[in-house]
Amino acid sequence: MLRLLALAVALGGAVPAWGGALAIVTTSTDLKALVEAVGGDRVRVESLAPAVHDPHAVDVKPGQLAKLKTAALLVRIGLDHEPWLARVRRAGGDPRFAPGGPDDLDVSKGVELLQTETARVRSERGVHVHGFGNPHYWLDPANARPITRAILEALARLAPADRDAFAANRTRFLARLDDALARWTEALAPYRGTRAVVVHDSWPYFARRFGLVVVAAIEPAPGVPPSASSLAALTQKMRETGVRLLIAEPSSNAALVSQVAARSGARAVVLVPSVGAAPEAGDYLALFEINVRRLLHTLGS
Ligand SMILES: [Zn+2]
């Protein structure tokens, strides 16, 4: 069946499908959730990276490579968020998914990025260093608007007859998101201006949306662990300036987080950076629901 579909594509025929639905591969569970929000039952979506992973070391399985070969579209975060994707593309060898290829969708193109002034860091290993702007932009719920606009256009190109259905799905999703965003903003309003230290610099978009102020990251550069002396300087500064909040993630070094919290007097909260990285974060709205709840619990206690 898959071989027949691939042949049909080669001959300019049917758009790749799995079980009668458009076959879409994403690089993250967040993008999977957003493609599903627009595509509904007309898409079948696979994420190459699991919900919790080290951005430097995603281990893509042969079965997933086979999925990509039979997909209609690759949807990705872009910038330097997926250094592992180059290897996947080399293994797949399909020019459709090369950067800028016809079935390659980099959704960062429509998003207003933060930290683009960061000096570009060149590396032979091509690591995730935020060298082209901060790539964690899906953590501002308002960025779902440009992301889903790009997804809508790509899906409608592949299945023009379904454009109205995709547009209606997106409108319904954004209406629910807008309602929830108003509620989250109101709930966090009393804490606007709260200064926070983060472990990895994943939260500038989230912080800007909800009025938190990220004053420092424990990692001196993205992905680089702190030295003992830089940690000591940071915790002293946190204490002196009264930083109340320390934002960690499920993948953070828990011993390091509790050490910084104990030394600085800040309260640590584990926020969920991706759909599926906590059981309660089952979809894109639930991701913010749980993060807002955890923040309120930490800041209110
Ligand atoms: Zn990062």
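Hi everyone. This chain is divided into domain 1, residues 2-106 plus 135-178, and domain 2, residues 188-300, with the bounds coming from an automatic or database domain assignment. Please keep in mind that this is a predicted model: local features need pLDDT of at least 70, side-chain atom pairs count only at pLDDT 80 or more, and totals for chains, interfaces and linings use all residues. Residues are numbered from 1 along each chain as its sequence is written.

So, how do the domains meet? Their C-alpha centres lie 30 Å apart. The contact takes 20 residues from domain 1 and 18 residues from domain 2, where two residues are in contact if their C-beta atoms, placed from the backbone, lie within 7 Å. On the domain 1 side, helix H2 (29-39) and helix H6 (163-188) each supply at least two residues; helices here are DSSP runs of H or I, at least four residues, numbered from the N terminus. H2 gives the largest share of that side, five residues.

Now to the inside. The largest nonpolar core has 74 residues, and Ile24 and Leu34 touch the most other members. By nonpolar core I mean a set of buried Ala, Val, Leu, Ile, Met, Phe, Trp, Tyr and Cys residues joined through C-beta atoms within 7 Å, and buried means 20 or more other C-beta atoms within 10 Å of a residue's own. This core draws at least three residues from each of domain 1 and domain 2.

Let's look at Leu34. Leaving aside neighbours within four places in sequence, Leu34 is in contact with Ala144, Ile147, Thr148, Ile151 and Tyr284.

Finally, the whole chain: 40% of its 301 residues count as buried.

Terms used. Buried ≥ 20, exposed ≤ 12 C-beta atoms within 10 Å, placed from the backbone.
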